[in-house]
Amino acid sequence: MRLKGKIAIITGAGRGIGEATAKKFAREGAKVLVADLNQGDIDQVVKSLTEEGGEAFGMIVNVTKRKDVKALMKKCVALFGRIDIVVNNAGITADAQLLKMTDEQWDEVIDVNLKGVFTVSQEAAAVMKEQNGGVILNASSIVGTYGNFGQTNYTATKWGVNGMTKTWAKELGRFNIRVNAVAPGFIMTPMTAKMPEKVLNIMKEKSVIQKLGTPEDIANGYAFLASDEARFITGTILSIAGGAVI
Ligand code: NAP
């Protein structure tokens with residue numbers, strides 16, 4: 001087991017990549033705090049983790065709310081004594097081309113994907129500094145490096161996530177805190193299910209493996225980066241995209 005005894009917080013863990021990551025981490029021996037917006041989703045993930053013999057706790061957390069994030073860190077330390085791993089997975093899209101994008105679309109995506117990652121990481125890093133160690137993993141995307149039609153707001157946030165990942169790796173390394181990001185290609189989740197069939201087919205063709213990825217493909221990357229096997233890896237953006245961009 002790669003993560004035996006580790007304590008992990010995963011945001012947006014109620015479905016999609018976050019849910020798959022919670023399951024993978026629990027199978028690898030981690031105790032998981034499942035943080036999300038929707039109580040029904042949280043309950044279903046916690047139930048499935050515990051039915052498999054894992055240890056998990058669920059909590060409603062809006063990553064854009066400082067109060068919620070502080071309560072999350074407090075709860076994790078109260079329950080498990082420490083925070084070894086944080087996966088900043090919660091993220092949203094609100095797509096429109098530049099000429100049609102509204103201020104609301106811009107603000108809501110910036111708020112979750114950028115401010116949420118900042119707030120969760122800042123609160124977690126304070127705990128990790130005190131305990132002299134930890135791992136922060138951020139959800140980026142290949143579109144954060146290459147751009148994407150109709151995603152001004154989303155690409156700005158993922159570009160920002162890459163920058164914050166490298167900055168925090170530099171700032172927090174001396175406290176034995178590693179910071180990395182995973183940049184998925186197109187993965188079949190409720191987020192991408194909203195996209196037109198035509199776009200998904202183009203994405204499939206772009207991958208040299210000629211497939212869309214699964215949430216488990218991304219969860220495997222997070223598990224590796226969270227584990228001690230990755231102890232000398234920090235400040236990196238791991239592309240998991242089936243060669244969609246090489
Ligand atoms: P998803 O299926 O839409 O799941 C996202 C989860 O985050 C949902 O459970 C959602 O809760 C939760 N969430 C949204 N806003 C939140 C907030 N303010 N606070 C806490 N939780 C919140 O997304 P996904 O496809 O698994 O993507 C997960 C991450 O990977 C995202 O950061 C995304 O940008 C990134 N990513 C995904 C792909 C892809 O192809 N799927 C590619 C590249 C990167 P509700 O359901 O209640 O709204």
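Which helices each supply at least two residues of the shell around the ligand? In this predicted model, they are helix 1 (16-27), helix 6 (152-172) and helix 7 (190-193). Of these, helix 7 gives the most to the shell, with three residues.

The shell itself may be considered next. In total, 28 residues surround the ligand. The closest of them are R15, I17, D36, Y154 and T189. By residue type, the shell divides into 14 nonpolar, eleven polar and three charged residues. As for its location, the ligand sits in the largest pocket.

At V63, a backbone N or O atom lies 3.1 Å from a nitrogen atom of the ligand. At N89, a backbone N or O atom is found 2.8 Å from an oxygen atom of the ligand. A polar backbone atom of G185 is 3.4 Å from an oxygen atom of the ligand. Taken alone, the ligand exposes 890 Å², and the protein buries 92% of that area.

An unreviewed UniProt entry carries the annotation "domain: Ketoreductase", which covers residues 6-185. G185, whose polar backbone atom is 3.4 Å from a ligand oxygen atom, is the residue at which the annotated span ends.

Conventions: Residues numbered from 1 in each chain as written. Predicted model: local features only at pLDDT ≥ 70, side-chain atom pairs only at ≥ 80, totals over all residues. Heavy atoms only, no water. Near = heavy atom within 4 Å. Polar contact = N/O pair within 3.5 Å; in protein donor to acceptor, adjacent residues only side chain to side chain. Areas by Shrake-Rupley, 256 points an atom, 1.4 Å probe, with all protein chains shown as cover. 1 Å grid on protein atoms, 1.4 Å probe; cavity = no way out; pocket = protein on both sides within 12 Å on 5 of 7 lines; lining within 4 Å. Sits in = over half its atoms within 2 Å of the grid points. Helix = DSSP H or I, 4+ residues; strand = E, 2+ residues; numbered from the N terminus. Nonpolar A, V, L, I, M, F, W, Y, C, P; charged D, E, K, R; others polar. UniProt positions renumbered as here; feature names shortened; annotations may be inferred.
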